[in-house]
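Colleague: I am new to this structure and would like a close look at a single part of it, the nonpolar core. Please also set out what surrounds that part.

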Amino acid sequence: NIQRLPASVDYTVAAEPAAISQFYQEQLVAQGWTFVAVHDKDSKNVFLVFTNRDQGQAASILLSVRDSGVWVSAILRPWEPSSEVP
């Protein structure tokens, strides 16, 4: 049950959100991404954010618990670090 577009992928998986979150954190960091934040106050809707300075990209990953499993929606978009104000 995978849907792909040029800069995104959506799929449903039978796993716990915590395990999926850990998987993405381990795999993306190992590939040079920086883990920025996790928004997980609602354990049924978890949102992860990563950046990759070298590639100029940000990745947003939404994990949403459904009756059929966890729906995962990963989106890549251009990203530039904010300039520092003196």
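**The core and its surroundings**

Modeller: The largest nonpolar core has 14 residues, and those that touch the most other members are Tyr24, Leu48, Phe50, Ile61, Leu63 and Val72. Two or more residues of this core come from each of helix 1, strand 4, strand 5 and strand 6. Please keep in mind that the model is predicted.

Apart from its neighbours within four places in sequence, Ile61 is in contact with Tyr24, Leu28, Val46, Phe47, Leu48, Phe50, Val72, Ser73 and Ala74. Among these contacts, Tyr24, Leu48, Phe50 and Val72 are also listed with Ile61 as touching the most other core members.

The 6 strands make an open sheet with the order 1-2-6-5-4-3 and antiparallel pairing. Strand 1 (2-5) and strand 3 (34-39) are the edge strands, each pairing on one side only. From one strand to the next, the twist averages 15°.

Helix 1 covers residues 17-30 and lies across strand 2 (8-13), strand 3, strand 4 (45-52), strand 5 and strand 6. Relative to strand 4, helix 1 runs at about 0°.

Two of the strand pairings can be described in detail. Strand 5 (residues 57-66) and strand 6 (residues 69-78) run antiparallel and are joined by 10 bridges. In this pairing, Ala59 stands opposite Leu76 of strand 6. Strand 3 and strand 4 also pair in the antiparallel sense, over 5 bridges, and form a hairpin with 5 residues between them. Here Phe35 stands opposite Phe50 in strand 4; Phe50 is one of the core residues that touch the most other members.

In a regular strand the side chains alternate between the two faces of the sheet. Two further strand residues are worth a look.

Thr51 lies in strand 4. Thr51 counts as buried because its relative accessibility is 10%, and buried means under 20%. Leaving out neighbours within four places in sequence, Thr51 is in contact with Trp33, Thr34, Val36, Gln57, Ala58 and Trp79.

Trp71 is found in strand 6. With neighbours within four places in sequence set aside, the contacts of Trp71 are Asp10, Tyr11, Thr12, Leu62, Leu63, Ser64 and Arg66. Of these, Asp10 is 61 residues from Trp71 in sequence, while their C-alpha atoms are 7.1 Å apart in space. Leu63, another contact of Trp71, is among the core residues that touch the most other members.

Some totals complete the picture. Of the 86 residues in the protein chain, 31% are buried. Among contacts with a separation of 6 or more, 34% are between residues 24 or more positions apart. The C-alpha atoms fill a box of roughly 50 × 30 × 20 Å along the principal axes. The protein chain exposes about 6100 Å², and carbon and sulfur atoms supply 53% of that area.

Conventions: Residues are numbered from 1 along each chain as its sequence is written. This is a predicted model: local features need pLDDT of at least 70, side-chain atom pairs count only at pLDDT 80 or more; totals for chains, interfaces and linings use all residues. Side-chain values use heavy atoms; hydrogens and water are left out. Two strands pair if DSSP finds at least two bridges between them. Helices (H or I, at least four residues) and strands (E, at least two) are DSSP runs, numbered from the N terminus. Axes are lines fitted to C-alpha atoms, for helices over the stretch in contact, and angles run from 0 to 180 degrees between N-to-C directions. Contact means heavy atoms within 4.5 Å. A nonpolar core is a set of buried Ala, Val, Leu, Ile, Met, Phe, Trp, Tyr and Cys residues joined through side-chain atoms within 4.5 Å. Buried means under 20% relative accessible area, exposed over 50%, partly exposed in between (1.4 Å probe, protein chains only). Accessible areas come from the Shrake-Rupley method with a 1.4 Å probe; for residues, only the protein chains shown count as cover.
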